[in-house]
Amino acid sequence: MNEVLGTIAASPDTAGVDGGVGLTALLVAAARSIETHRRDSLARDVYAEHFVRAAPACAGWPVRIEQVPDGDADPLWGRFARYFGLRTRVLDDFVVRSVLAGARQVVLLGAGLDTRAFRLDWPPDCVFYEIDRAGVLAFKHRVLADAAAVPRAKRVPVAVDLRDDWATALTGAGFEAGAPSVWLVEGLLFYLPGAAETYLMDTVDLLAAGGSALAFEAKLEADLMVYRDSATYTATREQIGIDLLDLFDKGPRPDSAGRLAARGWSAATHTPFEFTRRHGRGPLPEPNDALEGNRWVFAHRRR
């Protein structure tokens, strides 16, 4: 078990930047800020800009599309950032629906700079458990405190490394395994070896009661190296020095959706492009597309 947990160190946030916050988390924050300021915004996060400006490593990054010379034609700050905006909106909707259906515990596994507890409306008895390393949570707390942000639900930071016994830390923080819960695994699994992903999913399965819901992002194994020279990956490397394909784990990918289905969950897998068409905004397929293999999975445990 320790060997499996140790492999979780492949997460990009282990390369500490500004109190342990990785550049990939800040990239997504910048994308959310750009989305927030769009006239046709899909999701609003007024705190995202504060994270970017608080980290010297990304002081020159744009936080509005008007700051990008090529605007939406830029493959990083245009199309890729719009992908993150779409993902934010889709997962916002998923969590809100799940809470309205009766779940009152939301678990953010690898919470990073997620601000859903602050920017969306929640029932008064809703609790957010934000699991991440102490450095990430400390940076987040400092920035949000400076911005005078007030959570709209009870928020319980759980400072634990995913290589450690995060399940015990979660239950010790008050999580009730017997009550329905909502789980988000956003922007994490790409970076983990297959065994680590399976361990995480198996742990969620053990802790999630009937009526629980889970959303996660996955990537087709065959996609990882095919699009090495795609405009998205190339722009990310050249403009901000992040080689995503170097960070992604290149080993065999597990069928987590199938594994959950075998354990009594209903699981539906979608491409992001389906939601682009639904909302009328976001990326559509293009040649040599780095987003071609991305999948969003939504699972529900039967009561």
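Trainee: How many positive and negative side chains does the protein chain have, and how far apart do the centres of the two sets lie?

Mentor: There are 35 positive and 40 negative side chains, with the two centres 5 Å apart. Lys and Arg count as positive, Asp and Glu as negative, while His and the chain ends are not counted. Each charge is placed at NZ of Lys, CZ of Arg, CG of Asp or CD of Glu. Before we go on: this is a predicted model, where local features need pLDDT of at least 70, side-chain atom pairs count only at pLDDT 80 or more, and totals for chains, interfaces and linings use all residues. Residues are numbered from 1 along each chain as its sequence is written, and side-chain values use heavy atoms, leaving out hydrogens and water.

Trainee: Why is Arg 44 called exposed?

Mentor: Exposed means over 50% relative accessible area, buried under 20% and partly exposed in between (1.4 Å probe, protein chains only). Arg 44 has 52% relative accessibility, so Arg 44 counts as exposed.

Trainee: Which residues is Arg 44 in contact with, leaving aside its neighbours within four places in sequence?

Mentor: Thr 36 and Arg 119; contact means heavy atoms within 4.5 Å.

Trainee: What does the side chain of Arg 44 reach at 3.2 Å?

Mentor: The backbone oxygen of Thr 36.

Methods. A polar contact is a pair of N or O atoms within 3.5 Å; within protein, one must be able to donate a hydrogen and the other to accept it, and residues adjacent in sequence count only if both atoms are side-chain atoms.
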